[in-house]
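Welcome! Take a moment to look over the sequence and the 3D picture, and then let us walk through them together.

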Amino acid sequence: MTRSIGLRALVLSLVILTIFLAAWHVAVSGGGGGGQTVDPEYAKLVGAAAATGGQTPMPGPIDVGRTIWKHLSDPFYVRGTNDMGIGIQLAYSLARVLLGFGIAVAVAVPLGFLIGMSPLVYRALDPFIQVMKPISPLAWMPLALYTIKDSSLSSIFVIFICSLWPMLINTAFGVASVRKDWLNVARTLEVGPVRKAFTVILPAAAPTILTGMRISVGIAWLVIVAAEMLVGGTGIGYFVWNQWNNLSLTDIITAILLIGLVGMVLDQILARLTRLVTYQE
Amino acid sequence: MASSYISIEGIARRFPAPEGGKTTIFEDLWFGMDRGEFVCVIGHSGCGKTTVLNILAGLDEPTEGAVIIDGKAIEGPSLDRAVIFQSHGLLPWRTVLGNVAYAVASKWRDWPKAKVEEHARKAIATVGLAGAEMKKPSQLSGGMKQRVGIARALSIEPKIMLMDEPFSALDALTRGTLQDEVRGLCRTTGQTVFMITHDVDEAIYLADKIVLMTNGPDARIAEIVVNPLPADRSRHDVHKHPAFYPVRNHIIDFLVTRSKSFAAELATPGKVWNRRSPPLVTPGAPDPTPPLARAV
Ligand SMILES: Nc1ncnc2c1ncn2[C@@H]1O[C@H](COP(=O)(O)OP(=O)(O)OP(=O)(O)O)[C@@H](O)[C@H]1O
Ligand SMILES: [Mg+2]
């Protein structure tokens, strides 16, 4: 039954994909020159670009497919600072996300522990967290660029900042809401504070902490694209922006697809990890 | 009183009241327990039984007074006093074996892992759970979970067992089996046991002494019933003992009427009652106490 439902869902997904690709193909190749279906503002831009370059207005699925194939068959070439394989660009972005995220984990988990264990610290830090949390991480960029004076480090800092809050809040919440019974078990067994932290509080709060990490990595992956568009140089965000300047829509669509795929993989990895530490009461 | 193994000396516990001020759950509570004694506490919900148990466990501190065990005042929890929690308190991410081994490894910190496991397995087998070692608590029935809690408490070979309504969530059959097991284990190991229960029959079957607490706030130990049943009793014929029904009726009468009106009872002329040594009574036995100190 479940297998047949999985199979049917797969078939349905494929049908939807086929219809979508077909509709896309028809919309792009039909439509009388392709100009009318396009946003007028976009047409203006294309008009301006057409004078210098002469681009096709909107690529069809076959063009995009060809570009994807081109990128995937040689993802890691380097032909200059502005011409690197899409794999390299993705690797840059991933490295920044993992670095910023990793530093955020190293800060948020111990700090969250501290906040969660002490109602005093919880109350004292709460107003700061409440103010910092809603700030768009990109708003930190100018300040980061000014103080750090390095675009790559600045984007890592921005990733750090945006990953920090969900993990901090979830860790503190998870630690603060560990069942009193479990803490009492440790107390009656005269378990020391360090052993208690690792054998009771951490496993009890782990699902909440990992949920925080999952939210953080999702946000980080959203933010890195925008951050790299802003500071340029390398990364998938920069790649998108660069292709926009080249008006190469096939490349942009390819990048969008890959961003989605990588984001999904990151999310799935953390979902797996969360499932690993989840316990049933 | 001072010669008792466990001596509760004038303890009080007050909580901040919602409308300001303090609520006194109980105050000036005195009570002693001898080594190897099995004591059950009976009283209505909210009278402060768990609070007393938590103080004995060292998980809570009395606002006033002290508890002296074996000549030393309690300062926090100790491995000498095992607690069986009302809600079993198993760590859900650990297996049965993991839960018991955690306690064993906490008691004997220098034991190698194999020895810890072996000891834990033995405790698990004692409560009849051999074969379920690798199960998680969520895969166990209520009775099995409670057994794991008992195995965990027994595994650390405590001097004192503190049990908070350990069988209240169980069906009658499981409850009976576990009562037998716990009674047997505690008798063979010579435990001193302090157990809270709402079940009068359970108290009579298990206890040497039954402490009757009045309703809160300001709960008191009204009296202590000395169980006249022989030490080696069997659950099938406790009710055939001539003292069984007098004891049972006495306790039920206390729960139904006297626990509410104990203050009025104290006000009756001629009533003798001393907080420091609540009267020991033995319903159904030739009366050793003066009639006025007994139930009316
Ligand atoms: N942390 C607390 N703050 C305020 N009041 C409390 C607190 N803990 C317990 N109390 C109060 O103390 C009284 C005694 O509570 P306790 O848990 O000892 O009752 P109990 O006799 O064990 O009841 P039950 O049979 O229902 O378990 C209750 O009226 C309760 O409201
Ligand atoms: Mg209670």
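In what order do the four strands of the open sheet in chain B lie, and how are they paired? The order is 2-1-4-5, and the pairing is antiparallel. Keep in mind as you read that this is a predicted model.

You can find B:Ile6 opposite B:Ile69 in strand 4 of chain B.

Strand 4 (residues 64-69) of chain B is also joined to strand 5 of chain B, here by two bridges and again in the antiparallel sense. In this pairing, B:Ile69 stands opposite B:Lys72 in strand 5 of chain B. Strands 4 and 5 of chain B form a hairpin, with two residues between them. Look for B:Asp70 in that turn, where phi is positive at about 50 degrees.

Helix 1 (residues 49-57) of chain B lies across strand 1 (6-16), strand 2 and strand 4 of chain B. The helix runs at about 120 degrees to strand 1 of chain B.

Now pick out one residue of strand 2 of chain B, namely B:Thr24. Its side chain makes a polar contact of 2.9 Å with the side chain of B:Arg14. Setting aside neighbours within four places in sequence, B:Thr24 is in contact with B:Arg13, B:Arg14, B:Pro217 and B:Asp218.

**Around the ligand**

Which part of chain B gives the most residues to the shell around ligand 1? Helix 1 of chain B does, with three residues. The residues around ligand 1 include B:Phe15, B:Ile25, B:Lys49, B:Thr50, B:Glu165 and B:His198. By kind, the shell divides into three nonpolar, six polar and two charged residues.

| Residue | Polar atom in | Distance to an oxygen atom of ligand 1 |
|---|---|---|
| B:Ser45 | side chain | 2.4 Å |
| B:Gly46 | backbone | 2.8 Å |

On its own, ligand 1 has 630 Å² of accessible area, and the protein covers 58% of that.

**The seven-stranded sheet**

Chain B also has an open sheet of seven strands, in the order 6-7-8-3-9-10-11, with mixed pairing. Why do strand 6 (81-84) and strand 11 (280-281) of chain B each have one side without a neighbour in the sheet? They stand at the edges, so each has a single partner strand.

For strand 11 of chain B, look at the pairing with strand 10 (residues 221-226) of chain B, which is parallel and has two bridges. Here B:Val225 stands opposite B:Val281 in strand 11 of chain B.

At strand 6, you can look for a helix as well. Helix 4 (residues 142-155) of chain B lies across strand 6 and strand 7 (160-164) of chain B. Helix 4 runs at about 175 degrees to strand 6 of chain B.

Notes. Residues are numbered from 1 along each chain as its sequence is written. Chains are lettered from A and ligands numbered from 1 in the order in which they are written. This is a predicted model: local features need pLDDT of at least 70, side-chain atom pairs count only at pLDDT 80 or more; totals for chains, interfaces and linings use all residues. Side-chain values use heavy atoms; hydrogens and water are left out. Two strands pair if DSSP finds at least two bridges between them. Contact means heavy atoms within 4.5 Å. Axes are lines fitted to C-alpha atoms, for helices over the stretch in contact, and angles run from 0 to 180 degrees between N-to-C directions. A residue is near a molecule or strand if one of its heavy atoms lies within 4 Å of it. A polar contact is a pair of N or O atoms within 3.5 Å; within protein, one must be able to donate a hydrogen and the other to accept it, and residues adjacent in sequence count only if both atoms are side-chain atoms. Accessible areas come from the Shrake-Rupley method with a 1.4 Å probe; for residues, only the protein chains shown count as cover. Ala, Val, Leu, Ile, Met, Phe, Trp, Tyr, Cys and Pro count as nonpolar, Asp, Glu, Lys and Arg as charged, and the others, Gly among them, as polar.
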